[in-house]
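Morning, everyone. I'll take a few minutes on one model. Please have a look at it first.

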Amino acid sequence: MKEKFRGIALGSAIGDAIGKSFEDLDIYQVEEFYRDLPITNFVEPHPSSPAFFQKPNETSDETTVAKLLIESILESKKLDIYNYFDKLKAWAFDETTHRYPDPFILKAIYNLSNNIIEGLRFSSVEGILRVIATSMLHFENEALSEEAAKLVTMLTHRSDEALDGAILFNRFLVKSIKNDESLETLENRIELLKELKSCVKSFYTKKMLDILIDALEEGYSKEKAIVNIGNGNFVLESLGLSLYYFLTEGIEYPFDTFVSAINSYWEFGGDTDAIGFITGALLGAYHGYEFLPEDLIQNLENHQYYIYLADNLYELSKRLHAK
């Protein structure tokens, strides 16, 4: 089980670090700048990407926000939303450390810091990425992990779509950690998607699940999936496309699936770092960290620290659920 915690922490961070280098670029820009495609390793950020000033092996602030939650949980020995918000505030107001953070997260933190609680109905995918921390902490208790996932998402993102995204991301993380039988066959996965329609609230989330069901039943190509599901910053696009990768081939061919996910550019720019983050987390939850080549792990910025966080979160989870 510890290998799965490491897989989530490393898979998400590596997916983010690789994908951030060509975020928002279309296939023509990628093909012109990167000669060796598909991209399978850390690469220099494209001059037109938001991460142009970063090193190839560095993560973006998509990972930072999730990492801060894991650090908060380990410090508090539980989920303490006030402690987490204090960490978010310290990070948000120290602009020298920023790596192109989601503007909706910053706006929410600034508003809450000034006791403004209206207008937080954001639907960007960055609102659900931190769910990896609560899913690991409470993987033994699906109901508790779901409530925790919604709570940490609601701190900055309160739209129905964001909360639905938190529910779905948590469900698949927990089921992957447990190697739940509902993920064993394609038929099982399709049935699970149908069942999940009753667990979400938004019409648009149900529509995304319908498209996913059709993608699995009809065997969509990657390009058709990108066009029909989307690959943008909207939570139901990045999450939906990540689930497409994971559920079509991720169980059987994890690293090939990971490569497909981080290369989710097409004739329009894509949120490749978020898709890499989510798909990497799901694959790591199911397979453990060994689906990743050793050189990717060793070359990730501060890779030993992610292993430290994962191992300590695993030990804390064991203690909490042994009571």
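Which residue forms a salt bridge with D180? K175 does, and the closest N and O atoms are 3.9 Å apart. A salt bridge here is a side-chain nitrogen of Lys or Arg within 4 Å of a carboxyl oxygen of Asp or Glu. D180 is partly exposed, with a relative accessible area of 25%. K175 counts as buried, at 13% relative accessibility. For those words, buried is under 20% relative accessible area, exposed is over 50%, and partly exposed is in between, with a 1.4 Å probe and protein chains only.

Now the ground rules. This is a predicted model, where local features need pLDDT of at least 70, side-chain atom pairs count only at pLDDT 80 or more, and totals for chains, interfaces and linings use all residues. Residues are numbered from 1 along each chain as its sequence is written, and side-chain values use heavy atoms, with hydrogens and water left out.

Back to salt bridges. Searching the whole structure turns up 14 of them. Side chains of opposite charge can pair when their charged atoms come close.

Take R6 and D311. Their closest N and O atoms are 2.8 Å apart. This pair links distant parts of the chain, with R6 in helix 1 (residues 2–19) and D311 in helix 16 (residues 303–322), 305 residues apart. Helices are DSSP runs of H or I, at least four residues, numbered from the N terminus. R6 is partly exposed at 21%, whereas D311 is buried at 14%.

Next, E58 and R99. This salt bridge has its closest N and O atoms 3.8 Å apart. E58 lies in the loop between helix 2 and helix 3, and R99 in the loop between helix 4 (81–92) and helix 5 (103–113), so the pair ties together parts 41 residues apart in sequence. Both residues are buried.

Is S49 buried or exposed? It is buried, at 2% relative accessibility. What does S49 touch, leaving aside neighbours within four places in sequence? The contacts, meaning heavy atoms within 4.5 Å, are K20, S21, F22, E23 and L25.

On to the helices. Helix 8 (residues 160–177) has 18 residues. From first C-alpha to last, helix 8 reaches 26 Å, close to the 26 Å expected. The expected span is 1.5 Å times one less than the number of residues. Just after helix 8, N179 takes a positive phi of about 50 degrees.

Two helix pairs to finish. How do helix 3 and helix 16 meet? Their axes come within 10 Å and cross at roughly 45 degrees. Axes are lines fitted to C-alpha atoms, for helices over the stretch in contact, and angles run from 0 to 180 degrees between N-to-C directions. Helix 3 and helix 16 are therefore oblique. Under 35 degrees counts as roughly parallel, over 145 as roughly antiparallel, 65 to 115 as roughly perpendicular, and the rest as oblique. Residues meeting there include I70 and L74 in helix 3, and L309 and L313 in helix 16.

Helix 11 (residues 222–229) and helix 12 (residues 235–250) pack at about 155 degrees, with axes 9 Å apart. That pair is therefore roughly antiparallel. Among the residues meeting there are A225 and I229 in helix 11, with G240 and Y244 in helix 12.
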